[in-house]
Amino acid sequence: MASAPRPERVPRLLAGCLPPPPPPPTVGLLSMEQEETYLELYLDQCAAQDDLAPPRSPLFNPVVPYGMYILNASNPDTAFNSNPEVKETSGDFSSVDLSFLPDEVTQENKDQPVISSRHETEENSESQSPQSRLPLPSEQDIGLGLNSSSLSNSHSQLHPGDTDSVQPSPEKPNSDSLSLASITPMTPMTPVSECCGIVPQLQNIVSTVNLACKLDLKKIALHAKNAEYNPKRFAAVIMRIREPRTTALIFSSGKMVCTGAKSEEQSRLAARKYARVVQKLGFPARFLDFKIQNMVGSCDVRFPIRLEGLVLTHQQFSSYEPELFPGLIYRMVKPRIVLLIFVSGKVVLTGAKERSEIYEAFENIYPILKGFKKA
Amino acid sequence: MNNTAASPMSTATSSSGRNTGKSISFATELQSMMYSLGDARRPLHETAVLVEDVVHTQLINLLQQAAEVSQLRGARVITPEDLLFLMRKDKKKLRRLLKYMFIRDYKSKIVKGIDEDDLLEDKLSGSNNTNKRQKIAQDFLNSIDQTGELLAMFEDDEVDEVKQERMERAERQTRIMDSAQYAEFCESRQLSFSKKASKFRDWLDCSSMEIKPNVVAMEILAYLAYETVAQLVDLALLVRQDMVTKAGDPFSHAISATFIQYHNSAESTAACGVEAHSDAIQPCHIREAIRRYSHKIGPLSPFTNAYRRNGMAFLAC
């Protein structure tokens, strides 16, 4: 299962600390070992910050992740910006040869039945708001995270954070604060939530990519499986694939929107698959400017929340119209995330461009929600 | 106006549609709504019936006036612009309505981004759905605004006092509840006329009207109906508070003369006070609230707006 690591997953700062990865001819996912290394490094810094930060009163927002998230925020931009040229050249290769795909496919197979059954239970448990079709997580969500260690390694390759998040255990407490600034993983796989063991799970990722060639939608619709095209209704082909379970909107300009993936990797993988399909149909498709536009996460704080109190004290951020929508809409300024907070304790976070924003937003809101816990 | 003890509302002009409206009753929903707006745990059925009556009459009148406006324009449906036009005189209520429309737009934008199926549906149904209500409102107010004060409302960030008071009341109410009661309270809060759109339409007897309201106009009507109920509860709570004779209140002997007429002469004011202590809002509170609201007092009363020609002022606009 060892595949060559992708260039954009290794931040330049980190490269100094780790053995430099071999330049990849194909784009692939990080191998298990390397992801674990990143994970440990991240956890070490968090543990170090744990020691440094004084015990926090529940009224204040958590301070710890800020520095790291700010660093993260700046890094991905720089790292990603350097990517297009790297991606272009390697993109050409990879769009021709996705030979690693079959491996991924069999692993996804094992995941899908679990994930799709979770979807069903989520939909069944939505009795309160029949009109809103939000995929509110059920208890199974957290359970899924806890049980993922029992699933194959493949699952943990995609969601390494889930197994470790509940018990973050710093294994090497000897890392010092100097390493904090220098070691910054691109996307922290596990945020250390000091106040609770709850980590938001990603539910939906919307991404866009430019295939950089004009497309004949009719031809695509005729020849591709699972493709819908109704030019009178909408000027794009709607294509779906089963692994990862996603939907793509493909426009004649060559731009494509991919929705429904549960992680950044899956979204990228799915987008590549769609690009491959288009390519197989004879178009010179490339894979330019893959960008994640929106990420949606959700979690459950496990206690009922008194929304009337929250809307009164956080008036400038929240709006709560229960006759319109059963949840309170909280517009967090930093990070710029919209949270939907429900009486049951379920929280949906949306508007993120990066995973860290979701984690940070949840860290910010959790102490506030605890203050309005309905006994 | 009327000074009989009987309900003035039943003798008010009511369209023939009212007979069919009798078979459709929102009384139970209204009881829930009133609880969520500040009434007791179990509002009285008579009060709910009275409130239903009031809201129904007001909405029918509003619809008739909106139909007239729409006819003036030569349109074939009642659009939200007609309703906005009727509300142009009362800035605060208009602002509240605009805020409601914007929140509706915002909520559909957010929910769309969460569920991929919603996103697809939205794309399929045409790309101009974002902020459609806001656009409608903005375009219309732009066209009728002479002095610029209507458009200034879009930037206005003043605190809506009525809404603030309602929020505080709800917060006080919920603070003492346990989680089971609170869950029930939240369910009642989620009730609205827009959730029961078809029943609402039938209740207003829209099918027999020549000019019917379109979808967004129906949304606004449902909102106005809810707003009317909310206003009634607000006012009734104020009236009830007034009725309680407080020790040391210098004006306790000067309870409004007309108020006493709603009770049998055998009842003393002390008994009124006792009655007022019971938890739920009584029909007499509602009647008194409406009486005070539409009472033609003050030097400008002959020149108050023409919406009162039916003898009842609109609570919602």
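Q: How many aromatic pairs turn up in a search of the whole structure?
A: The search finds 13 aromatic pairs over all chains. Keep in mind that this is a predicted model.

Q: What makes A:Phe362 and A:Tyr366 a tilted pair?
A: Their rings sit 5.8 Å centre to centre, with 55° between the planes.

Q: Why is the pair B:Phe193 and B:Trp203 called stacked?
A: The ring centres of B:Phe193 and B:Trp203 are 5.9 Å apart and the planes are at 10°. Planes under 30 degrees apart count as stacked, so that is the name for this pair. B:Phe193 is in the loop between helix H11 (179-189) and helix H12 (197-203) of chain B, while B:Trp203 is in helix H12 itself, so the pair ties together parts that are ten residues apart in sequence.

Q: How do you know whether B:Phe193 and B:Trp203 are buried or exposed?
A: Look at the relative accessible area: B:Phe193 has 1% and B:Trp203 has 2%. Buried means under 20%, so both residues qualify. Ring pairs also link B:Phe193 and B:Trp203 with B:Phe26 and B:Phe200 into a cluster.

Q: What makes A:Arg331 count as sitting over the ring of B:Tyr106?
A: The charged end of A:Arg331 is 4.2 Å from the ring centre of B:Tyr106. The distance part of the rule asks for CZ of Arg within 6 Å, so that value passes. Within chain B, B:Arg88 lies over the face of B:Phe85, at 4.0 Å from the ring centre.

Q: How many residues does each chain bring to the contact?
A: Chain B brings 39 residues and chain A brings 42 residues. The two chains bury about 3,900 Å² between them, with 61% of it on carbon and sulfur atoms. Three salt bridges are found across this interface.

Q: Why does A:Glu321 with B:Lys163 pass as a salt bridge?
A: The N to O distance between their side chains is 3.5 Å. The rule wants nitrogen and carboxyl oxygen within 4 Å, so the pair passes. Over all chains, the search finds 23 salt bridges.

Q: What makes B:Arg133 and B:Asp105 a salt bridge, and which parts does the pair tie together?
A: Their closest N and O atoms are 2.8 Å apart, and the cut-off is within 4 Å, so the pair counts. B:Arg133 lies in helix H8 (residues 132-144) of chain B and B:Asp105 in helix H6 (residues 91-114) of chain B, so the pair ties together parts that are 28 residues apart in sequence. B:Arg133 and B:Asp105 are both buried.

Q: How do you know whether B:Arg166 and B:Glu227 are buried or exposed?
A: B:Arg166 comes out at 13% relative accessibility and B:Glu227 at 4%. B:Arg166 and B:Glu227 form a salt bridge, with the closest N and O atoms 3.1 Å apart. B:Arg166 lies in helix H10 (residues 161-175) and B:Glu227 in helix H13 (residues 215-243) of chain B, so the pair ties together parts that are 61 residues apart in sequence. B:Arg166 and B:Glu227 also belong to a network of salt bridges that includes B:Arg96 and B:Asp234.

Q: What kind of peptide bond joins A:Glu243 and A:Pro244?
A: The bond is cis, with omega at about -10°. A:Pro244 is in the loop between strand S3 (236-241) and strand S4 (246-251) of chain A.

Q: Why is A:Ala212 called partly exposed?
A: A:Ala212 has 30% relative accessibility. Buried is under 20% and exposed is over 50%, so this residue falls in between. Phi of A:Ala212 is near 60°, a positive value in a residue other than glycine.

How values were computed:
Residues numbered from 1 in each chain as written. Chains lettered and ligands numbered in written order. Predicted model: local features only at pLDDT ≥ 70, side-chain atom pairs only at ≥ 80, totals over all residues. Heavy atoms only, no water. Phe/Tyr/Trp six-rings, centres within 6.5 Å; stacked < 30°, edge-to-face > 60°. Helix = DSSP H or I, 4+ residues; strand = E, 2+ residues; numbered from the N terminus. Buried < 20%, exposed > 50% of the residue type's maximum accessible area, 1.4 Å probe, protein only. Lys NZ or Arg CZ within 6 Å of the ring centre and 35° of its normal. Contact = heavy atoms within 4.5 Å. Buried area = accessible area lost by both parts, 1.4 Å probe.
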